[in-house]
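Here are a few notes to read alongside the coordinates.

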Amino acid sequence: MLNKSAWRNALYLLPAVLVYAVFLLVPLLASLGISFTDWDGTSMPIFSGISNYLRMFSDPVFWVALGNNALLMLFYTLLPISVGLLLCSFLYETRNNNERSLLRIFFFLPYIMPMAVLGVVWRWLYNPAFGPIDQFLRAVGLPQLALSWLGDFNWALPAVGLVATWYFFGFCLVLFMSGLQRMDPSLLEAADLDGSSRRQKFMRITLPSLRPEVRIALLLTVIASLKAFDLVYVMTQGGPGTSTMVTNLFMYKQGFDLHYFGYASAVAVFSMMIVLLINALIHFAIRERH
C-alpha cells in the first residue's frame, strides 16, 4: 500500500504509532522523569536529581537481585537452547512424521500456558509435605533428598529456574525445527556419504544453518530472564530472604509495597538499559556475515 506520497505513508503508519506512543513511549518517558524525583504516588513529585541512581548502586539488595537475574539466564537461556538443539537434532532424524509431530506438540504444550499458572502448579509439586516430588523420593527410599525446595536458601533459585527451563525448551525446539525445514537435506546426505559422525554433522551443518533461529531464541529468552517476575512472585515472592529476589520483583516491592516510586522507576530505567545493551551484544555476536 505504500507509495511515493510521504503524507499517505504517514497516514498508514499513524494508528500503529499512536498505539505505540500511548502504551509504551509515554509510560517510558514518564518513568524516566519520575526516576529523578522523590515520589510516594500521592503527593507532588520532588526533584532529587540522580539520588535514586546513587542509592540503587549502593543498595546491596539490588545487586543481589541483579546477580539472581544473571543466574536465571542459565535456566532461561542456556539450558532451554541446549535441550532444544539436542531434541531438534534427534527429532529431525526421526523417520515417522506423525511421531515427530506428536512429540513436538507435547514438548510445546507448557509454552502455551501462562507462567503464573505454571508457578502455582509447580509450587504444589515442590510442597515438602504433600508434593508429589518429595513423596516420590520418600517412596523410593531417598528421604534425605526430599527437601523444602522453595524454602531452601540454596535450592530455591534453581527450583524456580528449572520451571523456566521446562517452559522455554519446547519453544526453542519448535523454533529450531522450523529452521531445519528450510535446510537442504542433500547437505546431510553428502555428509553421510563422506562418513561424517552425528556430532560432526551437528556442529558443521545443523548448528550453522540454525544461526537466525538461535539468535531469536537468545534474544527472547535473555529478555525473559531479565524481565522475570510472574513465576518468581507466584512461587517464592523473592524468598527465602533474598535468595530468589530479581530486579523486577525488587522494583515492584519498592514501588507498590514501600511507595518509593522514584527509586522503583530508577531501577526500571536501569533494567531497560541492560536489556538494550544485551540485545545489541547478541545482534553483534550472531549477525549474518556476508
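Before the points, a word on classes: Ala, Val, Leu, Ile, Met, Phe, Trp, Tyr, Cys and Pro count as nonpolar, Asp, Glu, Lys and Arg as charged, and the others, Gly among them, as polar. Please also keep in mind that this is a predicted model.

1. The cavity. The structure holds one cavity of 30 Å³ or more, and the space in the largest cavity comes to about 70 Å³. Its lining is made by Cys88, Ser89, Tyr92, Glu93, Leu180, Met183, Leu188, Arg198, Lys201, Phe202 and Thr206. Sorted by class, these are six nonpolar, two polar and three charged residues.

2. Who supplies the cavity lining. Helix H3 (60-92) and helix H9 (198-209) each bring at least two residues to the lining of the largest cavity. Which helix gives the most to this lining? That is H9, with four residues.

3. The largest pocket has a volume of about 720 Å³. There are 27 residues in its lining, and the closest to the pocket centre are Leu28, Ser31, Met251, Ala268 and Met272.

4. Who supplies the pocket lining. Helix H1 (6-34), helix H12 (247-257) and helix H13 (261-285) each contribute at least two residues to the lining of the largest pocket. H13 gives the most, with ten residues.

5. H10 against H13. Two packed helices are described by the angle between their axes and the distance between the axes. For helix H10 (residues 211-226) and H13, the angle is about 165° and the axes are 10 Å apart. Angles over 145 degrees count as roughly antiparallel, so H10 and H13 are roughly antiparallel to each other. Their crossing is right-handed. On the H10 side the contact uses Arg215, Leu218, Leu219, Val222, Ile223 and Leu226, and on the H13 side Ile274, Val275, Ile278, Asn279, Ile282 and His283. The residues of this contact divide into nine nonpolar, two polar and one charged.

6. H5 against H7. The axes of helix H5 (residues 115-125) and helix H7 (residues 156-180) come within 11 Å, crossing at roughly 130°. H5 and H7 are therefore oblique to each other. The crossing in which H5 passes H7 is right-handed. Met115, Leu118 and Trp122 of H5 make the contact with Val163, Ala164, Trp166, Tyr167 and Phe168 of H7.

7. H4 against H7. H7 also packs with helix H4 (residues 97-108): the axes of H4 and H7 come within 7 Å and cross at roughly 140°. Here Arg100, Arg104, Phe107 and Phe108 in H4 meet Phe169, Gly170, Phe171, Leu173, Val174 and Met177 in H7. By class, the contact of H4 with H7 has seven nonpolar, one polar and two charged residues.

8. The loop between H11 and H12. Please take a look at the backbone here. Most residues other than glycine have a negative phi, and most peptide bonds are trans. Gln237, in the loop between H11 and H12, has a positive phi of about 55° although it is not a glycine. Pro240 lies in the loop between helix H11 (230-235) and H12, and the peptide bond from Gly239 to Pro240 is cis, with omega near -5°.

Definitions and conventions: Residues numbered from 1 in each chain as written. Predicted model: local features only at pLDDT ≥ 70, side-chain atom pairs only at ≥ 80, totals over all residues. Heavy atoms only, no water. Axes fitted to C-alpha atoms, helices over the stretch in contact; angles between N-to-C directions. Parallel < 35°, antiparallel > 145°, perpendicular 65-115°, else oblique. Left-handed = near helix turned anticlockwise from the far one by under 90°. Contact = heavy atoms within 4.5 Å. 1 Å grid on protein atoms, 1.4 Å probe; cavity = no way out; pocket = protein on both sides within 12 Å on 5 of 7 lines; lining within 4 Å. Points joined across faces, edges and corners; volume = space filled by probe spheres on them.
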